[in-house]
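Subject: Structure handover

Hello,

Please find the structure below, with the sequence. My notes on it follow.

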Amino acid sequence: MKNILNKFKINEFTYILFLFALLSGYFKELLIVFVIVVFHELGHVVFFSFFKIKINKVVIYPFGGITYIDSKIHERIYKMIICSLGGIIFQIILYFVFNYLFNIGAISFYTFNLFLYFNYYIFIFNLLPIIPLDGSKILLYSLCSFISFYNSYRLYMLFSFIFILLFIYLNFIFKFNNYFIIGLLFVYLFKTVKNFKYVLNLFFIERFMYDHYYDDICYVDDYKYLKLNKFYYINYLSEKTYFRNMFKYWF
């Protein structure tokens, strides 16, 4: 448990926001959001640890958190989907904890309602298929179950862009004023699009360098049609042979 807690780092802007919240009378609201965010990220950490996926660090930002992991692209699809759902699962568990505290009179009706509002908002927000939210990772690995990694990743970026525009529209209609969050989402999307070629090349390099779990053997004419968890013959060549020949021209 101590090793897990050592992975958590609080961003300096979070401390600044706590100071402003304390001075402005919104400390309880921010504290509840902080508890939800930490518990959410703890859910990811628990499942990553269970599947023995290395966790580099967990950074808690003012309105959310990100768990940074050291993993290969070719992890089992079901593992990555479960890990992506870990935060949401832990938010459901946290609901029962707060409900119990309210029923025994440990917290007030006002505090419980604040928790319900923020927990619901963070729950729904994280399900949106926008990079780097959990919903986008669930979408990506779900697509990888049916179509190639190349096409899955392109749809992953496309859906993220569409839902950012939808999120902006809803913020405009309901006057949520989440401009800081929108800005961060665009930054992450831009980085993902910029690194697309790198991720794709890494996907192919991993297939050449490592032996992965494969549940089927398939035949394709183009290496861009490769799916996760399947072994391929490309133009009648084993994929390892095919990539060995291809990498000769890359390097």
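**The α2/α3 pair**

Helices α2 and α3 run roughly antiparallel to each other, where roughly antiparallel stands for an angle over 145 degrees, roughly parallel for one under 35, roughly perpendicular for 65 to 115, and oblique for the rest. Their contact is formed by T14, L17, F18, A21 and L22 on the α2 side and by F27, L30, L31 and F34 on the α3 side; contact means heavy atoms within 4.5 Å. Helix α2 covers residues 12-24 and helix α3 residues 27-50, and their axes come within 8 Å and cross at roughly 150°. Axes here are lines fitted to C-alpha atoms, for helices over the stretch in contact, with angles from 0 to 180 degrees between N-to-C directions.

**Basis of the values**

This is a predicted model, in which local features need pLDDT of at least 70 and side-chain atom pairs count only at pLDDT 80 or more, while totals for chains, interfaces and linings use all residues. Residues are numbered from 1 along each chain as its sequence is written, and side-chain values use heavy atoms, with hydrogens and water left out.

**The chain as a whole**

The protein chain has 10 helices and 6 strands. These are DSSP runs numbered from the N terminus, with helices being H or I of at least four residues and strands E of at least two. The C-alpha trace spans about 70 × 40 × 30 Å along its principal axes.

Of the 251 residues in the chain, 43% are buried. Buried means under 20% relative accessible area, exposed over 50%, and partly exposed in between, using a 1.4 Å probe and protein chains only. The accessible surface comes to about 14,700 Å², and carbon and sulfur atoms account for 68% of that surface; the areas come from the Shrake-Rupley method with a 1.4 Å probe, and for residues only the protein chains shown count as cover.

Taking contacts between residues at least 6 apart in sequence, 59% join residues at least 24 apart. The chain carries 23 positive and 13 negative charges, and the mean positions of the two sets are 4 Å apart. Lys and Arg count as positive and Asp and Glu as negative, with His and the chain ends not counted; each charge is placed at NZ of Lys, CZ of Arg, CG of Asp or CD of Glu.

Helix α6 spans residues 134-144 and is mostly covered, with 9 of its 11 residues buried. The buried residues are D134, G135, S136, I138, L139, L140, Y141, L143 and C144. P132 sits in the loop between α5 (109-126) and α6. The peptide bond from I131 to P132 is cis, with omega near 5°.

H40, in helix α3, touches D134 of this region as well as G87, I88, Q91 and N126, leaving out residues up to four places away in sequence. H40 is buried, at 2% relative accessibility.

**Backbone points to check**

Most residues other than glycine have a negative phi, and most peptide bonds are trans. Two residues have a positive phi without being glycine:

- K52 has phi of about 60° and is in the loop between α3 and β2 (54-61). K52 is exposed, at 75% relative accessibility.
- N229 has phi near 65° and is in the loop between β4 (217-220) and β5 (231-234). N229 is buried, at 7% relative accessible area.

L155 belongs to helix α7 (residues 149-174) and is partly exposed, at 27% relative accessibility. Apart from neighbours within four places in sequence, L155 is in contact with L143 and I147. The C-alpha atoms of L155 and F39 are separated by 30 Å, at 116 residues apart along the chain.

K224 is in the loop between β4 and β5 and is also partly exposed, at 30% relative accessible area. Not counting residues up to four places away in sequence, K224 touches S148 and Y150. The C-alpha atoms of K224 and L30 are 46 Å apart, with the two residues 194 apart along the chain.

Regards
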